[in-house]
Amino acid sequence: TVRHFQMLMKHTTTSVADVNRVVEVAWRILTPTAQKHKVEVHLDLADGLPRVPTSDVKLEHVCLNIMTNAVQQIAGFSPGGGTLAVATAYVAGDKAWPVKVRFRDNGPGIHRQWFERVFELGFTSRPGGSGLGLFVARGLVEACGGRLHVEESAIFGGTTFLMELPAVTQGGMDE
């Protein structure tokens, strides 16, 4: 975690990220932990996604945090394992945030009253959790003009986090 935060702090220059590549890197990093907890991770990556205005390292941190949280929640909820599906999409009609990344798990779910609280500094539902991960993740997404929220969740039915990002076009930011 410390090494990751150090890398995040070093990457302050403006750059662009390839969302699909970042998701794949996060998936490779997470694979041993997911296998240990019998969580199958499925990727559904859309072709031709535009790049987004953030660094690969920052976006990787966000993806890895959300994916790791999902695996940990599934492991605590179902010792027999579960699934996490990560899907990317481009929605041309959404001018503000056309690049979408959905993280859908079949873990214990999040009560509606916690949909915003999970992003508060220090909030955790896991023994030994720091309450930093989703707070930092949302901050990184918002810093590049995007948004991160709980899209839907059902108690004992899983949760979907939605990350929405602006796109970068050849001439700069998509308007």
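Glutamate 164 touches Asp94, Trp97, Val99, Lys100, Val141, Gly146, Arg147 and His149, leaving aside residues up to four places away in sequence; contact here means heavy atoms within 4.5 Å. The residue is found in strand 5 and counts as buried because its relative accessibility is 4%, where buried is under 20% relative accessible area, exposed over 50% and partly exposed in between, with a 1.4 Å probe and protein chains only. Two polar contacts of its side chain can be listed: one with the side chain of lysine 100 at 2.6 Å, and one with the side chain of arginine 147 at 2.4 Å. A polar contact is a pair of N or O atoms within 3.5 Å; within protein, one must be able to donate a hydrogen and the other to accept it, and residues adjacent in sequence count only if both atoms are side-chain atoms.

The model is predicted, so local features need pLDDT of at least 70 and side-chain atom pairs count only at pLDDT 80 or more, while totals for chains, interfaces and linings use all residues. Residues are numbered from 1 along each chain as its sequence is written, and side-chain values use heavy atoms, with hydrogens and water left out.

The protein has four helices and seven strands, in the sequence order α-α-β-α-β-β-α-β-β-β-β. Helices (H or I, at least four residues) and strands (E, at least two) are DSSP runs, numbered from the N terminus. Of the 175 residues, 45% are buried. Among contacts between residues at least 6 apart in sequence, 70% join residues at least 24 apart.

Helix 2 covers residues 19-36. Its 18 residues reach 26 Å from the first C-alpha to the last, close to the 26 Å expected at 1.5 Å a residue; the expected span is 1.5 Å times one less than the number of residues. The buried residues of helix 2 include Val19, Val23 and Leu30. Their cover includes strand 1 (39-44), helix 3 (56-77), strand 2 (82-90), strand 3 (99-105) and strand 5 (158-165). Lysine 38, which follows helix 2, has a positive phi near 60 degrees.

Helix 3 holds isoleucine 74, which is buried, with a relative accessible area of 0%. Isoleucine 74 touches Val39, Gly81, Gly82, Thr83, Asp105, Asn106, Gly107 and Pro108, not counting residues up to four places away in sequence. Its C-alpha is 9.3 Å from that of glycine 109, 35 residues apart along the chain.

Two packed helices are described by the angle between their axes and the distance between the axes. For helix 3 and helix 4 (residues 133-143), the axes come within 9 Å and cross at roughly 145 degrees. Such axes are lines fitted to C-alpha atoms, for helices over the stretch in contact, and angles run from 0 to 180 degrees between N-to-C directions. In this pair, Lys58, His61, Val62, Asn65, Ile66 and Asn69 of helix 3 meet Gly133, Leu134, Val136, Ala137, Leu140 and Val141 of helix 4. The buried residues of helix 4 include Arg138. Glycine 145 follows helix 4 and has a positive phi, near 90 degrees.
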